[in-house]
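Take a moment with the sequence and the 3D view. The paragraphs that follow walk through them step by step.

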Amino acid sequence: MRIKLFIYLYLVVTILLVSIESRAEYGDVVINNYSEASGMNPVIFPHWFHRIRFTCKVCHADLGFEFKAGANKIKMIDIMEGQFCGECHNGELAWGTENCDLCHSGNKKMGTHIERSSLQKLLDLKIDERKRQAE
Amino acid sequence: MSVKQLKLIIISLVICFLSYNGNSVHNAEAASTTEEEKINRAKPKEINPFNRLHKKTKIKSKKIEGDGIHDFSGSGAKLLQNPDEAFLDMPKAKSGNSVDWVKAQDTGKIKPRNDLYDPDAEALVMELNIVREVKGSMPDVVFPHKQHTQVLDCTNCHPAIFIPQKGANQMSMAMNLIGQKCGVCHGKVAFPLSRCTSCHSKKKPQKELEKTKWKWP
């Protein structure tokens with residue numbers, strides 16, 4: 001009886017752990033150049049969603065996005081004028097700029113970075129090391 | 001004592017006896033091997049595929065909620081699509097988005113548009129493999145233009161990141177790690193640097209390998 005109970009408990013716990021655990025998707029870009037200073041949440045750009053619909057070339061060659069997080073210095077006025085994200089996010093091809101919180105959906109107090117990138121992992125290691133040294 | 005219990009005891013005894021016998025045979029074999037054979041046995045034949053430090057994280061649910069970067073207190077994040085919904089039919093990969101994007105495009109699972117205004121625009125695909133000879137014992141790097149030109153324009157890489165000339169581009173894995181050269185995409189969005197053999201795919205000739213091999217004293 002007891003063994004059976006343990007097996008059931010073990011199964012339930014593992015299922016719960018597997019189902020709860022979730023993390024940011026590879027290539028999600030957090031953009032916080034001006035957002036938080038202007039009282040908005042940071043922008044999260046999901047690469048996975050966009051690469052299903054467009055090739056890299058469309059944004060990185062035709063629209064002129066740089067290959068570096070935060071290097072584009074995008075401001076809302078540029079998007080409203082139809083540059084950068086505004087080429088598609090104009091209410092015709094994709095949602096327009098009035099849907100603020102669909103893009104500005106990130107947690108506050110995050111700097112501009114790419115989630116789970118190798119550089120970010122290196123920086124996290126460095127931060128952990130400094131914390132340990134401070135202790 | 002029931003018949004069932006007796007049977008169990010007999011079977012376990014037989015197993016014990018067999019395993020003990022097997023061990024003794026193995027020991028006798030080991031004793032008869034020469035010193036040279038012992039050394040040969042200890043030599044690693046291929047690159048060891050197992051490393052207990054490389055933990056595999058098995059995360060089945062890919063959801064926006066609770067991913068650590070989305071703010072779920074507002075209404076915006078709740079309306080976004082979850083990755084596991086989008087990745088349902090995609091060919092699987094072991095790292096990155098756990099989606100093999102090149103295969104997905106080749107098999108037609110995704111049909112990304114190549115131009116914002118022209119839905120039928122096709123990419124200019126160039127089939128040219130560049131082999132980069134690598135220092136050390138890692139296999140040489142083969143760079144396939146085909147898979148890259150399917151999604152990228154020539155001007156994305158040339159000449160800002162790579163000078164289109166043989167031997168003109170000095171690079172190292174350290175540069176990739178901090179996001180230069182191949183690391184501009186790989187390790188950020190394209191497949192991560194942990195997939196060594198996806199790039200280091202051409203085995204070196206035996207003569208070259210012999211030079212880098214560590215000799216047994």
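Why does Arg116(A) count as partly exposed? Arg116(A) has 19 C-beta neighbours inside 10 Å, so it counts as partly exposed. The cut-offs are these: a residue is buried if 20 or more other C-beta atoms lie within 10 Å of its own, exposed if 12 or fewer, and partly exposed in between, with C-beta atoms placed from the backbone.

A word on the model. It is predicted: local features need pLDDT of at least 70, side-chain atom pairs count only at pLDDT 80 or more, and totals for chains, interfaces and linings use all residues. Residues are numbered from 1 along each chain as its sequence is written, while chains are lettered from A and ligands numbered from 1 in the order in which they are written.

Start with chain A. Its secondary structure comes to six helices and three strands. Helices (H or I, at least four residues) and strands (E, at least two) are DSSP runs, numbered from the N terminus. Along the sequence, the pattern of chain A reads α-β-β-α-α-α-α-β-α.

Now consider its overall form. The C-alpha trace of chain A spans about 70 × 45 × 30 Å along its principal axes. Its radius of gyration is 20 Å, whereas a compact globule of 135 residues would have one near 14 Å. That radius is taken over C-alpha atoms, and the globule rule is 2.2 Å times the number of residues to the power 0.38. Of the 135 residues of chain A, 26% count as buried. Two residues are in contact if their C-beta atoms, placed from the backbone, lie within 7 Å. Among contacts in chain A with a separation of 6 or more, 48% come from residues 24 or more positions apart.

Return to Arg116(A). This residue sits in the loop between strand S3 (113-114) and H6 of chain A. Most residues other than glycine have a negative phi, and most peptide bonds are trans.

Helix H6(A) comes next. It has 17 residues and reaches 25 Å from its first C-alpha to its last, close to the 24 Å expected at 1.5 Å a residue. The expected span is 1.5 Å times one less than the number of residues. H6(A) is hardly covered: among its 17 residues, the count of buried ones is zero.

How do the two chains meet? 42 residues of chain A are in contact with 46 residues of chain B. Helix H1 (2-20), strand S1 (28-31), helix H2 (47-53), helix H3 (56-62), helix H5 (100-103) and helix H6 (118-134) of chain A each supply at least two residues of the side that touches chain B. By class, that side of chain A has 18 nonpolar, 13 polar and 11 charged residues. Here Ala, Val, Leu, Ile, Met, Phe, Trp, Tyr, Cys and Pro count as nonpolar, Asp, Glu, Lys and Arg as charged, and the others, Gly among them, as polar.

Move to chain B and its sheet. Three strands form an open sheet in the order S1-S2-S3 (chain B), with antiparallel pairing. S1 and S3 of chain B are the edge strands, and each pairs on one side only. Two strands pair if DSSP finds at least two bridges between them. Strand S1 (residues 129-132) and strand S2 (residues 140-144) of chain B pair over four bridges. Arg132(B) has Val141(B) as its bridge partner in S2(B). S2(B) and strand S3 (residues 200-202) of chain B pair over two bridges. Val141(B) stands opposite His200(B) in S3(B), and Asp140(B) has Lys202(B) as its bridge partner there.

Some loops of chain B deserve a look. Ser95(B) lies between helix H3 (83-86) and helix H4 (101-106) of chain B. Its C-alpha atom is 9.7 Å from that of Leu193(B), 98 residues apart along the chain. Not counting residues up to four places away in sequence, Ser95(B) touches Phe191(B), Pro192(B), Ser194(B) and Arg195(B). Ser95(B) counts as partly exposed because it has 15 C-beta neighbours inside 10 Å.

Pro159(B) is in the loop between helix H6 (154-157) and helix H7 (173-177) of chain B. A cis peptide bond, with omega about 0 degrees, joins His158(B) and Pro159(B). Finally, find Lys181(B) in the loop between H7 and helix H8 (196-199) of chain B. Lys181(B) is not a glycine, but has a positive phi of about 50 degrees. With 18 C-beta neighbours inside 10 Å, Lys181(B) counts as partly exposed.
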